[in-house]
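Reader: Please take me through the helix packing. Keep it brisk.

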Amino acid sequence: MSEQHNPNRQLIDNVLALDRLIHEPARLAILTVLSSVDWAEFSFLEDICALSKGNLSSHLSKLEAAGLLEIEKSFRGKRPLTRARLTDAGQQALQQYRIQLAKLLQSS
Amino acid sequence: MTSTTTPLPNLGDLDQLQQLTERYARYRNSAGGLSSVLGGLLSLVMFFTALLVPLATVERSVLALAPLLWLLSKEALRRFYYQRSGAVGEKLSASQHRQHLWLTLFVAAVSIAIVAAGLWKFGVGGLLALPWPKQSYFLIAALMPLIVWRWLWSSSDFIAGVCLMCQAAVIIAGSNYRLDFLGVYLIAMALLCMFYGVREHRDYLNLRSELHQVRQRLQGNAA
């Protein structure tokens with residue numbers, strides 16, 4: 001059997017094609033939440049994704065460094081306010097990930 | 001290589017998370033909930049108080065503060081009740097933007113017509129020389145498009161806000177709406193706002209419990 005028609009090979013290719021940065025469950029939840037809204041405050045992401053402040057902060061930094069989202073920091077009175085927004089690149093990467101995931105789920 | 005310990009996410013769960021967040025975000029702009037109920041209620045109170053109770057200037061001024069009270073309570077409800085888990089900005093569609101623009105332009109046209117009619121009748125000097133309750137009528141009319149543009153995104157909020165501001169302008173100027181066609185229309189609009197508000201609020205209560213379930217599932221996955 002040729003390598004191209006080997007179903008195991010195709011499955012492995014599909015697994016390898018998944019974006020590892022997005023595949024992490026917490027980061028996937030953050031991107032999914034942000035994909036349906038204009039922006040979201042840090043406290044909402046913390047609440048809906050069931051993450052600790054430190055964990056969320058670390059995931060947001062990774063996603064920001066990859067250019068998938070933008071972080072906007074400001075103050076409301078003396079309280080720091082952090083807002084996250086998905087970039088166009090982030091939107092595309094998430095769509096691409098979902099396509100790859102659907103393929104993988106079909107082939108597995 | 002992708003970690004073998006990371007389970008494959010369920011596309012249905014992701015869709016649900018997306019949908020719930022979108023519904024939560026609606027309470028920033030396009031869903032009023034209890035603020036629409038309050039708007040309708042205040043509109044009815046204003047209408048019947050001005051219709052049935054003889055009012056002095058001070059009482060009329062207090063009654064005319066209803067739109068301001070409503071706007072403050074609307075903002076407070078949004079910040080401290082509907083989006084208490086954190087603010088989320090709604091992604092508004094092009095049609096929602098268009099609808100909002102047209103409603104604002106419509107109110108602006110009415111507002112300009114009222115102010116222009118005042119200028120035509122009294123002139124600039126005459127308008128400035130009017131007693132303050134009459135001036136307030138023109139001031140409220142002039143402010144209406146700005147308030148619609150800034151705060152009144154949902155249909156129910158638009159109806160409640162415009163009904164309240166129209167009544168405030170008329171009441172502070174010393175008059176009131178009567179129980180004629182326009183009065184019945186105001187009552188019907190107030191009831192409609194309350195109906196929509198209750199429906200949106202019930203949807204919010206369902207949303208909270210659905211969000212709670214999703215959070216628990218995510219916590220379970222993390223554990």
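Reader: What is the handedness of the crossing of α3(A) and α1(B)?
Author: This is a predicted model, where local features need pLDDT of at least 70, side-chain atom pairs count only at pLDDT 80 or more, and totals for chains, interfaces and linings use all residues. Residues are numbered from 1 along each chain as its sequence is written, with chains lettered from A and ligands numbered from 1 in the order in which they are written. A crossing is left-handed if the near helix is turned anticlockwise from the far one by less than a right angle, and right-handed if clockwise. For α3(A) and α1(B), the crossing is right-handed.

Reader: Which residues of α1(B) make the contact with α3(A)?
Author: Contact requires C-beta atoms, placed from the backbone, within 7 Å. α3(A) brings A29(A), T32(A), V33(A) and S35(A). α1(B) answers with L14(B), L17(B), Q18(B) and T21(B).

Reader: How many charged residues has the contact of α3(A) with α1(B)?
Author: Ala, Val, Leu, Ile, Met, Phe, Trp, Tyr, Cys and Pro count as nonpolar, Asp, Glu, Lys and Arg as charged, and the others, Gly among them, as polar. This contact has four nonpolar and four polar residues. Its charged residues: none.

Reader: What is the handedness of the crossing of α5(B) and α6(B)?
Author: α5(B) covers residues 94-129 and α6(B) residues 132-151. Their crossing is left-handed.

Reader: How many nonpolar residues has the contact of α5(B) with α6(B)?
Author: The α5(B) side includes L103(B), V107(B) and I114(B), and the α6(B) side includes F138(B), M144(B) and W149(B). By class, three residues are polar and no residues are charged. The nonpolar count is 13.

Notes:
Helix = DSSP H or I, 4+ residues; strand = E, 2+ residues; numbered from the N terminus. Contact = placed C-beta atoms within 7 Å. Axes fitted to C-alpha atoms, helices over the stretch in contact; angles between N-to-C directions.
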